[in-house]
There are 2 protein chains.
Amino acid sequence: MAMSDSVPAETRQAQKERTRQAILASALELSQTQGFAQISLRQVSRHAGIVPTAFYRHFESMDELGLALVEQCFRTLRSMIRDAQRDSKVFDNIIDSSAEILVGVVKQNKADFGFIARERFGGQSVVQQAIRRELEAFVSELAVLLGRLPNIENWDTEDVQMVSRLFVRNMVSNAEEVVEMPDGRPDLEEKIKEGARRQMRLIVIGFKEWRS
Amino acid sequence: MAMSDSVPAETRQAQKERTRQAILASALELSQTQGFAQISLRQVSRHAGIVPTAFYRHFESMDELGLALVEQCFRTLRSMIRDAQRDSKVFDNIIDSSAEILVGVVKQNKADFGFIARERFGGQSVVQQAIRRELEAFVSELAVLLGRLPNIENWDTEDVQMVSRLFVRNMVSNAEEVVEMPDGRPDLEEKIKEGARRQMRLIVIGFKEWRS
DNA sequence: AAACTCAGTGAACGTGCGTACACTCAAATA
DNA sequence: TATTTGAGTGTACGCACGTTCACTGAGTTT
């Protein structure tokens, strides 16, 4: 066969993948301070430790890199939801545990969520469209999840969709707040969590009341 | 005296002001498609019909132009609230008339509200900070207004502030939706209005219920 | 061992940018 | 009417950019 056992690992492919990751990480880091739309191909390449022309071995253009970043960030977001689903506490107390999870995950993935918040409106139109498409898909996914919940199972589909939209909107808003939050301020963090809790409670209570 | 009556009008100062307005309008228009951070001093000057060096007669830098734009956009926003206050219908039915006014005003000032939405996160840090400062001031102003309303006058200051924050957040979100909305789609417009109404009602109902 | 593949190199190009500087010439002032 | 002011002009500069092209040399295939 092709593989010789003296080779320590698949070096060729792995090396390329490592460079690709370096480019993605560099782009994410640089766009934190300047916004993705204003960083240049040369800047990203420089930061990733390669020459500008080598960039093209991985992405055809900055647009394509932007789309790859959107995909990566939403992968983070989706894994958050998946973990939350597994957590049994969520069933007992959706609101409090959601607020907890939200703030925690966002804090540990500031770069990704910051990217979404920033580029949702400020970025290039290609990136913007991709983010909006992903967010809408996310609203629908969450709606399915919510529809399975004990108190909601007999609601209108449209109503569930709307609550889902409200939740996602609040999630984005709160994520924005966490991203803005300076490091090492647990008091602020608690305040944001409290705010998230209140808002979700507001939505749920308001909805119950309304439909009666 | 200095003024001679043969002169048709104050031409010197007025001419300068007109050029200044042309620069502001050009910047606002250009940033609609590309975002303020990516437009260049030369682009703005070209679009305004002057040579790049003449730009400096009006603004020291693009940053300063950005701040002037923030100021202008918030002037639009404030005048919206002032008009809403004068409207007596608002006292009878805050929610429905607010939704009406919001969508109408935003639709007619898409450029200004779009600028705020876009640059709040996507723009240069100077512009971002200015917008956040203005938005916070706006939340406080609205809180004062809300505090005078019949059902709210005996609430906690902090609670009123929070409701105000929720309202502003929803206002921004809805403004974003209106800005995204393609022209000539009254059906979508009605949907957004309905959404805004529901959300405000949700907040109010939720809050009433909660405090009991 | 020889041939091949392809990620990364380095020099070179045309372009648009921000800014400096010396200028013009009409409106404002004296 | 003579002088001053200052908004707008035109040239020229150095710089970073995206993209081209022929190249190198280690990893892979035969």
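Predicted model: local features only at pLDDT ≥ 70, side-chain atom pairs only at ≥ 80, totals over all residues.
The secondary structure of chain A consists of ten helices and zero strands. Read along the sequence, the pattern of chain A is therefore α-α-α-α-α-α-α-α-α-α. The C-alpha trace of chain A spans about 65 × 45 × 35 Å along its principal axes. Chain A has 212 residues, of which 32% are buried. When contacts in chain A are limited to residues at least 6 apart in sequence, 64% of them join residues at least 24 apart.

Several helices were examined individually. Helix α6 of chain B covers residues 94-108 and has 15 residues. From its first C-alpha to its last, helix α6 of chain B reaches 21 Å, close to the 21 Å expected at 1.5 Å a residue. The buried residues of α6(B) are B:Ser98, B:Ala99, B:Leu102, B:Val103, B:Val105 and B:Val106. An α-helix has 3.6 residues a turn, so residues three or four places apart point the same way.

In chain A, helix α6 also covers residues 94-108, and A:Gly104 lies in this helix. A:Gly104 counts as partly exposed because it has 14 C-beta neighbours inside 10 Å, a number between the limit of 12 or fewer for exposed residues and that of 20 or more for buried ones. A:Gly104 and A:Ala27 are 77 residues apart along the chain, and their C-alpha atoms are separated by 24 Å.

Helix α7 of chain A comprises residues 110-122. Its 13 residues should span 18 Å at 1.5 Å a residue, and the 17 Å between its end C-alpha atoms agrees with this. α7(A) is mostly covered, with eleven of its 13 residues buried. Among the buried residues of α7(A) are A:Phe113, A:Phe115, A:Ile116 and A:Phe121, and the list also includes the residues A:Asp112, A:Arg118, A:Glu119 and A:Arg120.

Apart from neighbours within four places in sequence, A:Val106 is in contact with A:Phe113, A:Ala175, A:Val178 and A:Val179. The largest nonpolar core has 86 residues, and those that touch the most other members are A:Val106, A:Ile203, B:Val106 and B:Ile203.

A:Glu153 lies in the loop between α8 (125-147) and α9 (157-180) of chain A. With 10 C-beta neighbours inside 10 Å, A:Glu153 counts as exposed, because the cut-off for this class is 12 or fewer. Leaving aside neighbours within four places in sequence, A:Glu153 is in contact with A:Gly147 and A:Arg148. A:Glu153 and A:Ser140 are 13 residues apart in sequence, and the distance between them in space is 15 Å, C-alpha to C-alpha.

The two chains touch each other: 24 residues of chain B are in contact with 24 residues of chain A. On the side of chain B that touches chain A, at least two residues are supplied by each of α7 (110-122), α9 (157-180) and α10 (186-211) of chain B. The largest share of this side, ten residues, comes from α10(B). By class, the side of chain B that touches chain A has ten nonpolar, seven polar and seven charged residues.

The same surface serves both copies, as 100% of the contact residues of chain B recur in chain A.

The model also contains DNA strands. Of the 20 residues around DNA strand C, those that come nearest are A:Thr19, A:Val51, A:Thr53, B:Arg12 and B:Ser40. The surface near DNA strand C draws at least two residues from each of α1 (11-34) and α3 (52-55) of chain A, and from each of α1 (11-34), α2 (41-48) and α3 (52-55) of chain B. By class, this surface has seven nonpolar, eight polar and five charged residues.

DNA strand D is surrounded by 20 residues, the closest being A:Arg12, A:Ser40, A:Leu41, B:Thr19 and B:Val51. The surface near DNA strand D has seven nonpolar, eight polar and five charged residues.

Terms used
Residues numbered from 1 in each chain as written. Chains lettered and ligands numbered in written order. Helix = DSSP H or I, 4+ residues; strand = E, 2+ residues; numbered from the N terminus. Contact = placed C-beta atoms within 7 Å. Nonpolar A, V, L, I, M, F, W, Y, C, P; charged D, E, K, R; others polar. Near = placed C-beta within 6 Å. Expected span 1.5 Å × (residues − 1). Core = buried A, V, L, I, M, F, W, Y, C linked by C-beta atoms within 7 Å.
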